[in-house]
Each structure stands twice: as C-alpha cells, then as structure tokens.
Amino acid sequence: MIKYILIVFFLAHIIFAQENSQQKVLEAKQMVFPALVHIQPVKEFLSSGEKQKVQVTGSGVIISADGYVVTNNHVAEKANYVRCTLSSKQELQAEVIGLDPWTDLAVLKLDLSEAGLDSVPFATFGDSKSVEVGQMVIALGSPLGLARSLSLGVISSVDRYFNDVGEMISPFNLWIQTDAAINPGNSGGPLVDLNGSIIGINARAVVFGENLGFAIPSDIVKYVVNQIIEKGEVERSEIGLEWQEIKEYRAFIKKPHLQGVLVAGVEKGSAAESAGIQAGDLVTKINAVAVSAIHLEELPKIRLLIANLPVSSSIMFQLIRNNKKMEIEVVSTRQGKFQGNEFNCEEWGISVQEITPRIVKNFQLESDKGVLVSGSKGGGKGEKADIRPGEILLKIDGVAVEGLDDFKEKYEGYKKEREKSFLLFLKSGQSNHFALIQGEDK
Amino acid sequence: MQLIQNFRQIFGISLMLVCPLFAQDVANWQNIKERAENNLVNIEYYEEIQSPESISQINKIRKTLSGVIVDSSGLIMTSSKIFKAKMGFSASSHYGPAHPPKDIKVRLKSGEPVNAVFVGKDDDKNVAFIRTVKPLGEPVHFYNKKIIKNIGQKIFLVFQLSEKYNYQIMILERVINSIIPGSPDKLLTEIGTQNISFGLVYNPDGKNIGILYSAAAGFSAPYSYAPRQSGFGEVILPDTFSDLINDPPTYKKKNTTRKKWLGVNMQPFTRQLARYFNAEKYNGILINTVLKGSPAEKGGLQVGDVLIQFNGTKLKSEKNADLAVLRNLVRESGEESIEVKVLRDAEIKSFKIKLTAVPISQYLADEVSNELLGFSAKELTKDIIMAKQLDYDTNGVWVSRVERAGWADLSGLRVGDLLVKIDNDDLQSIHQLDTFLNRFEKEKPSYVSLFVKRQSETRFLFIKTNFN
C-alpha cells in the first residue's frame, strides 16, 4: 500500500514539476514576447565595384519604453533602411543608433511616432554572471525568417571561447552556449531565463551541428548598449598586445603555481611596442591589479580590463622578463576602426576602402598609407587597367595617396579631367604594378 | 568512249605516281623505326613523394619515361619531369618531391636493364639528363641545319612503349599545328593522346629534327608543375638543347646549375604608357618591382625605369608574352656582367649589372628533421619568403613537415610556421636548429618552447616531449 502511495506521490510530483516548468516558460515568454522585434534591414554595400542592395532578416528585443532595440551588428551593419515588425504585428521604421562589431552588437531606435505610439513594451536584462549550466532558457526570434518563434532548451556552457576567424571575432567576451534551437534569423534575438530576464543576445549557431547556439552574455550587452546610447559608439583603449594563456608555459618553466599572462605578440607601431613590451614577457599586474590567464577562457577579461580604460590612459604593467621583475608604463591609444569606410569610384569602376589597423596587420603592410582596392567592376576602366581587388593603391601620377579622404579629394579633381590618363601605382604582397586608367578620347 | 579512254589514261598515270610515293612512305616509317630503336630507351625510375604530414615515411612510385641517347658515354636526355621540383625559386611554391629520381634503370628495346644516375635538368628547356653506368645503344644524330618551320608541316613522332607493349617503337604521323612566335618559336602539335611524354621527332625525309615534350602526359603524381594542355605536344629543336648535351646541367643540391636572374618584376611598356610618359619614340619594358638584394637593386635599377636595351639587344613589349624575350636573355646570359639602358625621368641612363645565379628554390634548401619531436624545418628560401610576404632579406627557418599526431603536432605546430625562437634563443639558420635538436636528444627536456609566426600572428608553442 505504501508502495502505491509513493508511486502516486512520485507521479504527482513529476506532473506538478512539469506543470510548474510549463507555467514558468509561459510566464517568462509573456515578459519578453511583447518586446520581440522582427527586423528586416535593407543593406547597401559595394560588390565588384558596384552598389548592391539586399534585404536580410534578423531579430531584436526592445529594452526601453521609448523604443531602443538591441540586435546584432551583423544584422544592422550597412543598413540604410530598417523595417521592424513588433510582436503585435505593428510595422515601423528604425534608425541605427550605433554599431559595435567587436562584440557583434547594435542598437536601433524605433520611430514610435510613425505608428502613433507613445511607448512600447520592453524587456529587462538579467545577470549573465549568475547563469548556470543546466538552467532552462528560451530563445525568441525569427529563425529562417519565421517571426515570433520560441525555442526551449538549457544552458550548455557559460564560458565558451572562440578564436577569431576572419570577421567572426569576439575578443572581449566568452559565449553562453545553449541547446535551444538557434538558426539563421535568430541573430539579435534574446536568450531569456525563466524569470523573463534577458541573459544573452543570440548571435551564432553551428550550421552543421545540432542544438549548438551561442549568445553574447547580457553583462557585456548592457555595457555596450549603454555606451552606444550615450556616445553612439563604444570607445576603447588599445595598446597592441596579443595575449596567451600560461597553462603550458607553467609546465615548460616548471613553475606549476605561476600566475600571470604571457605576451604572445606586440603589434608593429603600437603603444606597447614603443613602450618596450616584448613577446615572451609575463605580465603579472596591470595598474596594480593582479592578472592571470591560466586557460584560454581567461583572456577576454584581460583584454576588457585594458579596453575599458579611457583612451590615453597611462597603464602600468608589472612583468617578468628573463627572471627579472620590471615595470613598464604604456599610454593607451584609441582602438582603431573595425572596418574602414568604402568609396565607390564610378568613373573608374573600382571601389576603395580605408586602410584600418586590422588591414595593416592582416595584409602585413608597412603602414596605413594608401587605400585598399575592394572591388573592380567587369568592363570598367580599372579592370581594363588590370586593377585587382586586394591591391593597395599607393600613388596616382607619382603622388602618394595618404588615405581615403585624401584619395576622395584627389578623385573629385580627376573626375573633371575625363580626357586625361592617370597612372596608378599599386602593391600586392611583394610585387607592385602600374595601371593606366585610360582617358576618354577627345 | 572517249571519256573512258581518257579515264584509263588518267588512272594509269595516277597509279604510277601513287605507287612510288607509297613505297617511299613505308620505307621512311621502317627506316625511322630501325634508327630510333638504337637511339630511344625506356627509363624506369622511382619518384619519391614525401608527405608534409610525415617525417620518415617516403612513398616511392614507379614511373617510366622515354629517353634518347645523346652521347657515346651513356648520357641520356629525357623530359624534365623526371624530377618535377624547380631548381630556381619562383613566385609560386608547392610541396612536392624534393629528391631526384632513384633506382633508375634504362633499357633499349627488349634489352637488359642498365643502371643510371640523375645528372641534372633545365627547367626552362624542359629537358633532364641521366647517365648510365655503361654506354649503350647509339647516340642520336640531330639534323641541325635549316629546318622549315611551316605550319602544317608533316612530322613523325617516335617514342618507346612501356613494358606492357614489350618496349616496342611507336610512330605517329602528325603535323605542326601552331607556331607560337618567341625566342625560340614554340612549335605545337596535337598528339591526340595523353600517353606520350617524351620522344623523337622526324621530318618526312627521315631526318631527326628534334624532340617532343608533352606537359600533359604522365601526371599521375599529386603535384603538377605545368599546365595541363591536354593533347598538345611541343617540338623542341636541337638549337635549344645542343649546348646542354655538350655541357649538361648538374644537380648538386645548392651547387646545382641554375639560371641567371635580375630580380625585377616587369610589365609591358605599352604604347598607351609611352604616350602617358611622352616617350612614344621609345620601346621597352617597364620595371614595377625591384627585389631587395637582387642584382638589379645592386646595379642601381629602380621601380619605374623603362628597360630599353639589354646588352645591346633592343627591347620592346606590348603584351605580357613579349616579356619572355628579356626573361630568356637574362636567364640564359652567359656573361656575368651586362649593360642595360633605361629610360628614367626622360633621360637614357646606362647601368652595369652583375648577374648572379637565381636563388635556390625550397627544394634545394637544407632540411633538418627530428623524428621524436615530429617536425622538419627548412632554411628560408626566396620562394617561401614571397609566399609568406616576409621582408625579402629575412633569415630563418620554416616548418616544412609536421608528423601527424606527433608531439609537435599536438602542441599546435603547423606546416608553414616560421620558427622565430627556440627555447627563447633567436633562430637565424637551419644549422642552429640542428644544434638545438641534437642537444634536445641528449638532454631530453620535458618541454621544448618554440616562438612561431603564422601569417600576421605570433605565438609560443610548448612541445610536450616523452623522450623516455
């Protein structure tokens, strides 16, 4: 008899727990769902020296009554027109307030007046630091364009680290991994705990994997969003160091309890290089705060420590070089642009791009002088002169091109002289190339 | 009736004309076959392929080629693809067989195999030489005199079939299908088969007028160095290679016979460019790049110079193919010191330049390996420097092979990594690395530290060892 009572009690417990979870999911959904936004930006970009337009679909979440929306940078970047649909199916336009490619976040502002609204429902951020593996979460958004979708899962990991791959970078944050279904289109949508708080912004998924979605933790999102709303961008300090975790280094030098972080590289021409920091230095303190990265996952917080200091901060590094303690002061500079501006030279059939520090590094250039050829239109004057994307334009008619603004200014002048030919001097790797932009026949 | 009689007369005359011609042709085919049998040989050899993922494992692949006996001492000329690695550096780099052919056996038609060794090769002329340990057969006699190079000219291609066909001679009747102007002109013939790689070429008079080279055939190896011009063969005339027969190029690692180089990249000085520079009365070649430390740089040439004369030869270029003239002049230059005339800032200037041997390719570079650590490294050669966009005068070593799942692989070392430091010491030469590796074998450290550069990033790697 007791056995049967126990079974009934156990079943009742399961049913009650299920009902309880079901109730919590519904309540959480109810808190965020009204703030969900289906975003359809029209992006304008240059491809092969020509303007192209494309409409994409993403997700977002309203975070204030006056209509600020958080989404991903990769949803909102290059958008010249953003159409948003609220979960109430009301459509309205939004303005891009600011972008932060370094964290893949963006802030939009809904034009409430267009829909005759005074305010909109919004969701609130939770604390991503208190999130635990195994905790139930819901993801909201527009997977493959299917608006107002909800998926359910658990937190699979709270400290996933990704190395930078091309444009996919995340130097300042770890990722929350979830098995809640995340598909293309979910980008920018909220990952929500069962209290109905945003604990992350969904941004990535493994296309050939199953149930492997990744969200940017809400603590990072809050910081970035506030900065963007206040200043229109996130201003960061930079010194030009590449960091490396010390797990193997500790074993190599037989100091298993060593604390610190290894300098793996010093960028050419950076503040750290001119201050004298070298690859191989072991940094133990930054501004008197002990720092250590035994494992890879501890690197973002060190990068963030420096990035979040005001630009032109004097930063004191305590380090160990050849078994000697040293102190080196580095004055931070403003973090360079992630992506340079692009300019379309219609007359010449090419597009050119500003040379950012990232281009200098990735192309292993000596300086940021010149402009990068980003596209060449088939049949254009540039293509006929054998100008290829990826080349660096250094000189025109023997005169150095200093940068994009200098180029634009010169180009406006050239456009007036249609009959004149121009000799461009370009560089690609170790090889140069002269290209003659042919003047039009009189 | 009249018509029938006439027809008979015409038929009779035609028969008289055709019969002797037919007889002549058969005689030629037979004649060519008999002569070629004494000159053509079958070369059997092993190509050694080393994987970039293995230190010790070498795959040996048996291959065959035709060759021709070119002197009475046992010198045999064959296709340069008997050893595919380039001797001089070029802008593109590949991984491939770094060792010359091994276990070479040569035989005349159905004859006993005779051992041979690799002598050397000429990458530009597409020929290589081997030498048998004892003389065999008869040297071929090339007809060196004036050869008509008309398109449509009939030729006979003669080569030796492989063991499968009992090493018999095979003759194909073909024509010159295209003549590509140049110095020398390229004579192309459509072979129509992928099976011929090297053979002799006869004219209808039974005169041996040259050799046949086909880039297309025999590329069973995973690495190819020539465009696959399917079905095309190139007739190479004796004036291209007769000097080489008298003085064959030699393969001796770093002392291998190499071409000369100037060290510039160039582009055609087109009429449009000439007009732009107000220099329409000049023809030449525009220099767009001068490589650091090259003969051109040492001799004073600059980017933007227009080369108008090379050792007295006037230069002219309107398209890329025209640049080959100067390239050949430089590469084949017998003289070390040459004079060039350039147009610079509307003035003609003369420069004396000392031409040197083209820097070696990575295939001739010294390599050191350590099986226990599981990696090999080579000294930096100019081809690798260019591929990696390093400063042209960079010294150092790069990782050429990493044993799959070996200690180095597990630590994250990758083929192509530049080794900058080892155990915190700067690494400038391959010999230095060799010293370190020998020391590690004795001292058996539990970790080895490497500081590597991979594209634009640097990183420390710690190889966990297990010497004991």
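In chain A, strand E9 (residues 149-160) pairs with strand E10 (residues 175-178) in the antiparallel sense over three bridges, where strands are DSSP runs of E with at least two residues, helices are DSSP runs of H or I with at least four residues, both numbered from the N terminus, and two strands pair if DSSP finds at least two bridges between them. Within this pairing, Gln177(A) in E10(A) is the bridge partner of Ser157(A). The model is a predicted one, in which local features need pLDDT of at least 70 and side-chain atom pairs count only at pLDDT 80 or more, whereas totals for chains, interfaces and linings use all residues. Residues are numbered from 1 along each chain as its sequence is written, and chains are lettered from A and ligands numbered from 1 in the order in which they are written.

Both strands belong to a barrel of chain A that six strands close in the order E8-E9-E10-E13-E12-E11, with antiparallel pairing. Neighbouring strands of this sheet are turned by 45° against each other on average, direction ignored; axes here are lines fitted to C-alpha atoms, for helices over the stretch in contact, and angles run from 0 to 180 degrees between N-to-C directions. Chain A contains nine helices and 28 strands, and its C-alpha trace spans about 105 × 65 × 40 Å along the principal axes. Of its 442 residues, 38% count as buried, a residue being buried if 20 or more other C-beta atoms, placed from the backbone, lie within 10 Å of its own, exposed if 12 or fewer do, and partly exposed in between. Among the contacts in chain A with a separation of 6 or more, 61% involve residues 24 or more positions apart, a contact requiring that the C-beta atoms of two residues, placed from the backbone, lie within 7 Å.

Helix H3 (residues 218-231) of chain A lies across strands E12 (198-205) and E13 (213-217), and runs at about 50° to E13(A). The 14 residues of H3(A) reach 19 Å from the first C-alpha to the last, close to the 20 Å expected at 1.5 Å a residue, the expected span being 1.5 Å times one less than the number of residues. Ser218(A), Ile220(A), Val221(A), Val224(A), Val225(A) and Ile228(A) are buried in H3(A); they cover an arc of only 145° around the axis, which puts them on the same side of the helix, the arc being that of the directions from the helix axis to the C-beta atoms. On the other side of H3(A), Asn226(A), Glu230(A) and Lys231(A) are exposed. The cover over the buried residues of H3(A) includes strands E4 (68-71), E6 (91-100) and E7 (105-110), together with E12 and E13 of chain A. Just after H3(A), Gly232(A) takes a positive phi of about 85°.

In chain B, six strands likewise close into a barrel with antiparallel pairing, in the order E1-E2-E3-E6-E5-E4, and the twist averages 40° from one strand to the next. Strands E4 (residues 102-107) and E5 (residues 114-122) of chain B run antiparallel and are joined by three bridges, with Ala116(B) in E5(B) as the bridge partner of Ile104(B).

Between the chains, 22 residues of chain B are in contact with 24 residues of chain A. The largest share of the side of chain B that touches chain A, five residues, comes from E28(B).
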